[in-house]
Each structure stands twice: as C-alpha cells, then as structure tokens.
Amino acid sequence: GCSQTLVAGPPFQTDDPDPVPYKHYEFYTFSSADSTRLETDTLGPATEFNWGAVPNVQLHLIVPAAAAFPSDGPAGFGLGDIETGVKYRFIQETKHRPMVGTFTMLELPAGNSNRGLGVGQLWARIPIWIQKDFDPWTTYGGGGMVINHAPGARDYPFGGWLLQRDVGKKWTLGGEVFYHGPEGLGTPSPRSATMVDLGGYYYFRNPGFQLLFAYGHNIAGQTENYAYLGLYWTWGSKSSSHN
C-alpha cells in the first residue's frame with residue numbers, strides 16, 4: 001500500500017481559509033490514524049508548525065513519524081512524507097460575505113514508499129475553502145483535487161463541510177461530512193468514502209493551549225475510520241485563539 005494520510009484542519013479532515021494571524025505562530029504535537037480494510041496508516045508522534053508570515057498568508061509544515069499496517073504484508077515504521085503548504089485568504093469575511101481562500105499543500109517524499117510510509121514522489125493537494133462565522137457558530141468547507149502521479153496512485157477529488165459551536169468558555173464542538181475519491185490503484189482497488197466525523201477543542205486555562213480530538217466513520221463507500229488527538233499552542237504579538 002501507499003500512505004496518503006492527510007492532516008487538514010485539526011482535528012478535522014475539512015480545512016478552512018482562515019490563516020494564522022500576521023506575526024503569530026501555531027504549534028501542534030499530534031497522532032492521527034486512517035483505517036480501511038486494505039490498510040491502516042498512522043501519523044505520530046508528529047509536529048505541525050504554522051506561521052503568519054504576511055497578512056492573509058500562512059506557511060505550514062508537518063514532520064511526522066509514520067506507520068503502515070497493510071492487510072496483506074508486513075508493517076512499516078519510520079519517517080513519513082513531509083507536508084508543506086501555503087494558506088492564502090483572498091476574500092475577506094464581512095457581515096454578509098464569507099471569507100474564501102486556498103490551502104495548497106505539497107507532500108515531500110521523505111517516507112520510504114517500499115514500506116508504505118509514503119508514495120515515493122512529490123504530490124499535491126489543491127483546494128478552495130469557504131468560511132462564515134455566526135457567533136457562537138462557525139461553518140466552513142469546500143474541496144479540491146489531490147494530484148498524485150506516483151506508481152499505484154491516482155488523482156482524486158475531495159470535499160467536506162463542517163459546522164461547529166462554542167460551548168461555554170472551555171469547549172468548541174463540531175461535526176463534518178467529508179468525501180474523498182478512490183485514492184489508489186491495485187487489487188482490490190480502494191474505493192471512495194463519505195465519512196461523518198465528530199470532535200472539537202478543549203481550552204485550558206491559558207487560551208492559547210488546547211486539546212484537540214476527533215473520531216469518525218464512513219456512512220457510504222469503503223469501510224473507513226478516522227481519529228485524531230493532539231495538543232495545540234499559539235502565540236504572537238497578541239493572544240489569539242484557534243478558529
């Protein structure tokens with residue numbers, strides 16, 4: 001198998017167009033898992049770093065340890081593919097208009113593809129995301145294409161939509177519907193999946209320090225499970241909470 005585990009808008013699979021504020025930083029340490037009947041892929045321990053480099057632009061990096069547990073072969077452990085990305089918000093939110101942006105990601109082939117820890121060459125994820133806030137509610141979603149020409153892989157579409165709500169001062173809870181097309185080739189061939197994931201954030205006493213969690217399961221397509229657990233810190237010129 002070939003690992004194409006993607007980390008989107010932690011702890012969810014759908015992402016948002018809202019970049020880290022200018023001169024702010026985000027750091028995550030996390031583990032995630034994606035499991036089908038063909039293979040279970042995990043990331044973790046993994047680190048994610050985001051930087052508000054200029055207004056409306058966020059630079060992104062994930063360096064993960066990875067593991068692959070194929071149903072028909074030996075498990076593999078080691079460094080996974082390194083994820084780099086740029087989030088760019090090009091339409092600002094107003095009272096009546098949502099914000100719109102893109103979060104293009106390039107996956108660098110750092111993982112050993114022979115052990116299922118990566119796909120063996122550069123691949124990309126190109127989406128458009130839309131978000132609107134209706135305090136205490138937030139909703140966002142969109143979709144795009146994964147471009148992957150590695151052996152055994154294929155291009156495929158993905159998309160999702162999420163609704164979340166602040167619950168008191170300590171919790172934000174939400175749910176998403178997320179779809180991806182068939183991620184690869186082979187026999188048996190992977191199929192598309194539509195999933196429902198539930199999760200959220202718990203805010204510690206310092207609002208810049210949070211616990212993130214999610215779990216989901218398919219409602220159509222191939223049998224698939226998704227899980228995420230992580231810790232999040234943000235800091236910068238002023239305190240800024242996670243969106």
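Which residues have the most contacts inside the largest nonpolar core? Let's start there, and please keep in mind that what we have on screen is a predicted model.

So, the largest nonpolar core has 20 residues. Inside that core, the residues with the most contacts are Tyr28, Phe30, Tyr201, Leu212 and Tyr228. Where do the core residues come from? At least two each are supplied by β1 (24-36), β2 (39-54) and β3 (57-70), and likewise by β11 (193-203), β12 (209-221) and β13 (224-236). The largest share comes from β11, which gives 4 residues.

Okay, on to the rings. How many aromatic pairs does a search of the whole structure find? The count is 14. I'll pick out two of them.

Take Tyr28 again, one of those core residues with the most contacts. Its ring pairs with the ring of Tyr232: the centres are 4.8 Å apart and the planes sit at 55 degrees, so we call this pair tilted. Here's the bit I like. Tyr28 is in strand β1 and Tyr232 is in strand β13, so this pair ties together parts that are 204 residues apart in sequence. And are these two buried or exposed? Both Tyr28 and Tyr232 are buried.

Now the other pair, Phe204 and Phe209. Their ring centres lie 4.5 Å apart with the planes at 25 degrees; planes under 30 degrees apart count as stacked, so this pair is stacked. Phe204 has 28% relative accessibility, so it counts as partly exposed. Phe209 is partly exposed too, at 22% relative accessible area.

Those two phenylalanines also belong to a cluster. Ring pairs link Phe204 and Phe209 with Phe27, Trp171, Tyr202, Phe213 and Trp233.

While we're talking rings, have a look at Phe134. Lys132 lies over the face of that ring, 5.2 Å from its centre.

Last stop: a loop. Go to the one between β8 (137-147) and β9 (156-167), and you'll find Asn148 there. Is Asn148 buried or exposed? Its relative accessibility is 1%, and buried means under 20%, so Asn148 counts as buried. What does its side chain have beside it? A polar atom of the Asn148 side chain lies 3.0 Å from the backbone nitrogen of Ala150.

Note on methods: Residues numbered from 1 in each chain as written. Predicted model: local features only at pLDDT ≥ 70, side-chain atom pairs only at ≥ 80, totals over all residues. Heavy atoms only, no water. Core = buried A, V, L, I, M, F, W, Y, C linked by side-chain atoms within 4.5 Å. Buried < 20%, exposed > 50% of the residue type's maximum accessible area, 1.4 Å probe, protein only. Polar contact = N/O pair within 3.5 Å; in protein donor to acceptor, adjacent residues only side chain to side chain. Phe/Tyr/Trp six-rings, centres within 6.5 Å; stacked < 30°, edge-to-face > 60°. Lys NZ or Arg CZ within 6 Å of the ring centre and 35° of its normal.
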